[in-house]
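Below are my notes on the model, as numbered points. Please read them with the sequence and the structure open.

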Amino acid sequence: MAKIIKVTTGTVDVVVEEEFDSEDKALVGNEPNKAVVEITEFKIENTKWKRGKVENE
């Protein structure tokens, strides 16, 4: 029996909150101490289905 692979593409709106040690590091945007990502909207644009191979174990 073949495996079924589902590929979904779409767009996502996110809010990213990052915490930095200093204002200088925040301006550069490198090395945050903490990052929290909240997905506010996920819009599915396309879904495709295809058969995959089943490898023998």
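**Notes on the predicted model**

1. Along the sequence, the protein chain runs in the order β-α-β. That pattern is made of one helix and two strands. Helices (H or I, at least four residues) and strands (E, at least two) are DSSP runs, numbered from the N terminus. Strand E1 covers 3–19, while helix H1 covers 23–28 and strand E2 covers 34–52.

2. On the basis of the model: it is predicted, local features need pLDDT of at least 70, side-chain atom pairs count only at pLDDT 80 or more, and totals for chains, interfaces and linings use all residues. Residues are numbered from 1 along each chain as its sequence is written, and side-chain values use heavy atoms, with hydrogens and water left out.

3. Overall dimensions. The radius of gyration of the protein chain is 20 Å, whereas a compact globule of 57 residues would have one near 10 Å. This radius is taken over C-alpha atoms, and the globule rule is 2.2 Å times the number of residues to the power 0.38. The C-alpha trace spans about 55 × 30 × 15 Å along its principal axes.

4. Burial and surface. Of the 57 residues in the protein chain, 4% are buried. Buried means under 20% relative accessible area, exposed over 50%, and partly exposed in between (1.4 Å probe, protein chains only). The accessible surface is about 5,600 Å², and carbon and sulfur atoms contribute 48% of it. These areas come from the Shrake-Rupley method with a 1.4 Å probe; for residues, only the protein chains shown count as cover.

5. Contacts along the chain. Among contacts in the protein chain with a separation of 6 or more, 67% are between residues 24 or more positions apart. Contact here means heavy atoms within 4.5 Å. Ala2 sits in the segment before strand E1 and is partly exposed at 32% relative accessibility.

6. Which residues does Phe20 contact, leaving aside its neighbours within four places in sequence? They are Lys25, Ala26, Gly29, Asn30, Glu31, Pro32 and Asn33. Phe20 lies in the loop between E1 and H1 and is buried, with a relative accessible area of 18%.

7. Glu31, one of those contacts of Phe20, belongs to the loop between helix H1 and strand E2. Its phi is near 55°, a positive value in a residue other than glycine. Glu31 is exposed, at 62% relative accessible area.

8. Thr47 lies in strand E2 and is partly exposed, at 33%. Leaving aside neighbours within four places in sequence, Thr47 contacts Lys6, Val7 and Thr8. Its C-alpha atom is 36 Å from that of Asn33, 14 residues apart along the chain, and 38 Å from that of Phe20, 27 residues apart.

9. Charges. The structure holds one salt bridge, defined as a side-chain nitrogen of Lys or Arg within 4 Å of a carboxyl oxygen of Asp or Glu. The partners are Lys25 and Asp21, at 4.0 Å, N to O. Lys25 is partly exposed at 33% relative accessibility, while Asp21 is exposed at 58%. Over the protein chain, the mean positions of the 9 positive and 13 negative charges are 18 Å apart. Lys and Arg count as positive and Asp and Glu as negative, with His and the chain ends not counted; each charge is placed at NZ of Lys, CZ of Arg, CG of Asp or CD of Glu.
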